[in-house]
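Okay, everyone, let's have a look at this one together. I'll start with the fold and then move to the aromatic rings.

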Amino acid sequence: MRASKEELPMLLKAGEATIRGADWDDMRVAIVSVPAGTDFGPLLEGHPDDMCPSPHWGYVVKGRLDIEHADGPETLRAGDVFYLPPGHTGVAVEDTEFLEVSPPDKHQRFVDQAHRNLEAQAAA
């Protein structure tokens, strides 16, 4: 299987921030594109400890992310391969794009809650 970024279905759009992805076999592959300053915190509200419930394995194509998780902070930069266990959040320090692979059910929990949070923000 293969797909270009543009061929992947849009899972989430919040301004310039996008997540495009598809479920292949028992994993979800997604391309996340976020502008500098994007804080994932507001999208994660409502999850335990307001942190991401999904593990992710991935590769940073461009940019830089400051990540917070139980083991402390770390920075992901273009060219880094990463694993993030459940219980993390982050901020894009630069315009950033990364590939992530996640269990579909856990990733979908994030997507569903992010949609609810965006709707609540728009209604406020």
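**Fold and aromatic pairs**

So, starting at the N terminus, the elements go β-β-β-α-β-β-β-β-β-β-α. That's two helices and nine strands, taken as DSSP runs (H or I, at least four residues, for helices; E, at least two, for strands) and numbered from the N terminus. A quick word of caution: this is a predicted model, where local features need pLDDT of at least 70, side-chain atom pairs count only at 80 or more, and totals for chains, interfaces and linings use all residues. Residues are numbered from 1 along each chain as its sequence is written, and side-chain values use heavy atoms, with hydrogens and water left out.

Of the 124 residues, 44% are buried, meaning under 20% relative accessible area, with exposed over 50% and partly exposed in between (1.4 Å probe, protein chains only).

Now, the rings. Searching the whole structure turns up two aromatic pairs; ring centres of Phe, Tyr or Trp (its six-membered ring) must lie within 6.5 Å, and planes under 30 degrees apart are stacked, over 60 edge-to-face, the rest tilted.

Trp57 and Tyr83 make a tilted pair, 5.1 Å centre to centre with 40° between the planes. Trp57 sits in strand S4 (residues 56-62) and Tyr83 in strand S7 (residues 81-84), so this pair ties together parts 26 residues apart in sequence. Trp57 is partly exposed at 39% relative accessibility, and Tyr83 is partly exposed at 42%.

Then there's Phe82 with Phe98: centres 6.0 Å apart, planes at 70°, so edge-to-face. Phe82 is in S7 and Phe98 in S9 (residues 96-102), so parts 16 residues apart in sequence are tied together. Both of these Phe residues are buried.
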